[in-house]
Amino acid sequence: MANNLLAGKKGVIFGALDEQSIAWKVAERCHEEGAKVVLTNAPVAMRFGKINELGEKIGAEIIPADATSMEDLDNLFTKSQEIMGGKLDFVLHSIGMSLNVRKGKEYTDLNHEWMLKTFDISAISFHKVMQTLYNMDAMNDWGSILALTYIAAQRVFPDYNEMAESKALLESFARSFGYHFGEKNKVRVNTISQSPTWTTAGSGVKGFKEFFDYADKMSPLGNADAAACADYCVSLFSDHTRMVTMQNLFHDGGFSNMGMSPAILDM
Ligand SMILES: NC(=O)c1ccc[n+]([C@@H]2O[C@H](COP(=O)([O-])OP(=O)(O)OC[C@H]3O[C@@H](n4cnc5c(N)ncnc54)[C@H](O)[C@@H]3O)[C@@H](O)[C@H]2O)c1
């Protein structure tokens with residue numbers, strides 16, 4: 001159901017790879033709510049992903065950018081403002097990738113060079129995005145910047161591996177930059193801590209299926225899916241959440257506040 005919540009707003013969305021991607025659903029919902037969108041992803045994702053399909057569907061231009069490259073980010077935000085005719089109202093960082101997870105390395109035997117690359121892609125890129133926007137003065141007053149995270153930043157989920165530290169860093173960047181962006185021009189910065197979700201990045205985590213089922217049983221509302229996450233993102237890009245900033249917001253059906261669930265004991 002569309003309510004024109006984002007009428008007249010302009011945004012850049014990172015991370016739509018295929019129709020399962022959380023960013024894909026967010027882009028579709030933002031378009032339905034009346035926003036103009038520019039889509040972006042890593043140059044390599046242009047080759048094996050389906051982002052062009054999404055671009056055609058919602059009438060969005062696509063600008064490739066490696067989110068770890070300041071040069072690419074500079075080009076992305078300069079061109080996005082040209083294409084959409086002005087400063088941005090919202091940005092979604094929906095990027096995650098772990099080299100050690102991908103290569104099957106256990107947490108107690110990590111390759112630290114790969115770990116640094118993981119941090120760069122999954123967390124420092126968020127600082128790079130915000131620093132570029134800040135120095136370019138590319139955000140409209142009362143704009144909204146979001147990144148997606150996971151509760152492994154606060155609690156131990158052994159198979160999440162080095163992504164736990166990536167997410168802790170990502171959430172910290174949201175708080176720290178949220179201060180500076182709020183002071184500068186009332187731009188808010190938050191992270192959404194999302195339930196396990198069936199996507200390329202999600203299902204790459206060892207034992208994902210079992211864990212997905214566990215979280216679903218543990219949460220009184222069940223796991224939040226990508227479509228529900230897209231609705232939540234729309235609300236946080238809208239003018240109805242203007243005073244929410246520097247927060248890590250759990251979007252997980254109640255999982256984060258559960259201790260024990262009879263549904264789990266019955267399993
Ligand atoms: N799926 C889950 O269970 C889950 C749960 C909580 C949080 N998240 C987070 O949601 C976000 C989106 O992931 P998803 O589950 O939709 O999976 P996804 O695989 O569809 O999206 C990850 C995206 O990151 C992009 N990316 C990787 N390296 C990049 C780079 N150098 N520059 C630019 N983009 C790059 C990929 O191309 C891909 O589009 C991630 O931050 C992820 O950690 C996912």
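Two residues are taken to be in contact if their C-beta atoms, placed from the backbone, lie within 7 Å. The model is predicted, with local features needing pLDDT of at least 70 and side-chain atom pairs counting only at pLDDT 80 or more, while totals for chains, interfaces and linings use all residues. Residues are numbered from 1 along each chain as its sequence is written.

In contact in this sense are Met70, Leu73, Asp74 and Phe77 of α4 with Lys128, Val129, Thr132, Leu133 and Met136 of α6. By class, this contact of α4 with α6 has six nonpolar, one polar and two charged residues (Ala, Val, Leu, Ile, Met, Phe, Trp, Tyr, Cys and Pro count as nonpolar, Asp, Glu, Lys and Arg as charged, and the others, Gly among them, as polar). The axes of α4 and α6 come within 10 Å and cross at roughly 50°.

The ligand is surrounded by 27 residues, the closest being Ser21, Gly96, Thr199, Ala201 and Gly202, where a residue is near if its C-beta atom, placed from the backbone, lies within 6 Å of the molecule.

The largest share of the shell, three residues, comes from α8, and the shell as a whole divides into 14 nonpolar, twelve polar and one charged.

Arg47 lies in helix α2, residues 43–48, and is exposed (12 or fewer other C-beta atoms within 10 Å of its own), with 7 such atoms.

Notes. Axes are lines fitted to C-alpha atoms, for helices over the stretch in contact, and angles run from 0 to 180 degrees between N-to-C directions. Helices (H or I, at least four residues) and strands (E, at least two) are DSSP runs, numbered from the N terminus. A residue is buried if 20 or more other C-beta atoms lie within 10 Å of its own, exposed if 12 or fewer, and partly exposed in between; C-beta atoms are placed from the backbone.
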